[in-house]
Structure formats: C-alpha cells, structure tokens
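Notes below, in the order I made them.

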Amino acid sequence: AQVTDTASDSVDDDIGNYATMNILEDVLNPTTYSNGNLTMSGRTSWGFSISTLAFPASGNFYCEFTVDSIGTVSHGLMFGIVKVGDPSLDTSGSERQFTSDAGGYGYKPIGSGGTEPVSINNNSETDPYGISVSATDVIGVHLNSGTLTFYVDNATQGTAYSGITGDYFFACGYKSSSGTYTVTANFGASGFAYTPPSSAKALHTANLPAPAITDPSAHFKP
C-alpha cells in the first residue's frame with residue numbers, strides 16, 4: 001500500500017515513500033536492523049547496507065548517517081554510494097565492502113592498520129580525506145551532478161570524487177570485532193539534522209525521475 005509521507009524539507013508533499021535500508025540485500029555478515037530498518041547495529045565481519053531506492057548521479061541527492069555508538073574501535077566504518085549492478089552487491093565471498101570495485105565510492109573515517117581517515121574507491125585509498133568521527137557525529141553524503149562530497153556535523157570535508165555517472169544507492173558498511181557500532185540512516189523522513197546543501201533532495205519516490213512506463217497495466221495484465 002502507498003503511504004502519504006509528510007515532507008518537511010525539499011520533498012513535495014506527495015503520495016510516495018522515503019527510502020530505508022534494504023534488509024533483503026544485506027545477506028552476507030548481516031547487521032541487526034531496528035527503527036523501521038533505519039538503525040544498524042552489530043557486525044563482526046565486513047558487510048554493508050544499501051538504501052532501498054536508487055537515484056541518478058546526474059541529480060542532487062543528500063542523506064545523513066548518525067554514528068549512535070562506537071564502543072571499542074576496531075577495523076572500520078564507511079559511508080558513501082554504490083552503483084546499481086556493482087560486483088560488490090554479489091553475495092559471494094566471506095566478506096565484502098562496497099568500495100571494493102569501481103562502482104563504490106566511500107569515506108572511511110575510522111579504520112585499523114591503515115591511514116584513516118581516507119576516501120576510497122575501487123579498493124584504492126586517497127589519504128588524507130576528511131576527519132575522524134566520534135559517537136553522535138552526523139555524516140552527510142551528497143551527490144550532485146556527479147560530484148560526491150561528505151560532511152561531518154554540517155562541515156564539508158571537500159570534494160571526494162567527481163565525474164560519477166549512473167544510478168546509485170546510498171551505502172554504509174562497517175566491521176567491529178566487538179560488534180559495537182550502531183548507525184542510524186536518515187533519508188529525510190524525520191527531517192535532517194542539518195540543512196541540506198543548496199537544492200539537494202531527500203531520497204523519496206516523488207524526487208526520482210519519472211519511470212519510462214508510468215502505468216504498468218497498459219503493458220502487462222494477467
């Protein structure tokens with residue numbers, strides 16, 4: 001059934017839905033979901049979660065991830081985007097990171113054994129990028145006309161990547177040997193903690209491009 005979401009940001013008040021995290025995709029080393037599939041907690045091997053909705057890199061979209069708790073810091077925490085159809089979305093292997101292939105772009109503010117904080121794409125890190133984060137920090141992810149920028153508590157960390165094309169999901173991945181990370185995604189349903197960048201849209205069906213087929217019944221019926 002359709003749900004009427006009341007919009008308080010750049011989304012028009014319309015019939016539709018905001019994104020959540022996609023529990024059906026998170027099948028390798030899955031996290032535990034709560035809060036309407038927006039809060040993720042506990043993951044002792046590398047894995048990641050993606051949004052239920054994809055959006056075009058040519059658009060202007062924004063979301064926030066709040067680091068609710070960190071606890072014993074180990075291994076890593078990443079935020080970013082992953083391309084529809086990217087090989088990292090395959091469930092094979094024992095661990096996976098959405099930045100392992102060419103279609104994954106991330107910001108890794110916490111890690112072990114490396115030079116974090118860094119930006120990372122296709123398993124290649126750019127050091128330095130951004131700052132380390134702590135519990136209660138809000139990480140903004142903004143993709144605008146192919147340019148990816150991250151924010152920490154409303155402070156821009158600068159352009160991480162540009163020239164990005166295609167359709168993407170927002171993504172969050174982490175691994176903690178103590179299973180203590182807890183992160184909450186916000187795609188705009190509860191209002192953002194900070195004012196989004198100019199003209200940036202929340203991830204809501206009313207903000208996505210019109211599908212090529214707007215009335216499936218005109219093309220397919222029993």
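**Ground rules.** This is a predicted model, so I kept in mind that local features need pLDDT of at least 70 and side-chain atom pairs count only at pLDDT 80 or more, while totals for chains, interfaces and linings use all residues. Residues are numbered from 1 along each chain as its sequence is written, and side-chain values use heavy atoms, with hydrogens and water left out.

**Overall make-up.** I looked up secondary structure and got zero helices and 16 strands. The elements are DSSP runs numbered from the N terminus: helices are H or I with at least four residues, strands are E with at least two. Next I checked burial: 49% of the 222 residues count as buried. Here buried is under 20% relative accessible area, exposed is over 50%, and partly exposed sits in between (1.4 Å probe, protein chains only). The accessible surface comes to about 9700 Å², and carbon and sulfur atoms hold 49% of that. Those areas are Shrake-Rupley values with a 1.4 Å probe, and for residues only the protein chains shown count as cover. For contacts (heavy atoms within 4.5 Å), I took the pairs at least 6 apart in sequence, and 66% of them join residues at least 24 apart.

**Salt bridges.** How many salt bridges are there by this rule? I used a side-chain nitrogen of Lys or Arg within 4 Å of a carboxyl oxygen of Asp or Glu, and the count came to three.

- R96 pairs with E25, with the closest N and O atoms 3.3 Å apart. R96 is in the loop between β8 and β9 and E25 in the loop between β2 (14-15) and β3 (32-34), so this pair links distant parts of the chain, 71 residues apart. Both R96 and E25 are buried.
- R43 meets D26 at 3.1 Å, N to O. R43 lies in the loop between β4 (39-41) and β5 (47-50) and D26 in the loop between β2 and β3, so the pair ties together parts 17 residues apart in sequence. I found R43 buried, and D26 too.
- K108 bridges to E116, again by closest N and O atoms, at 3.1 Å. K108 is buried at 9% relative accessible area, and E116 is buried at 17%.

**T99.** Is T99 buried or exposed? Its relative accessible area is 0%, so I put T99 down as buried. T99 is in the loop between β8 (76-83) and β9 (104-111). Leaving aside neighbours within four places in sequence, I listed the contacts of T99 as M78, G104, Y105, G106, I120, N121, N122 and N123.
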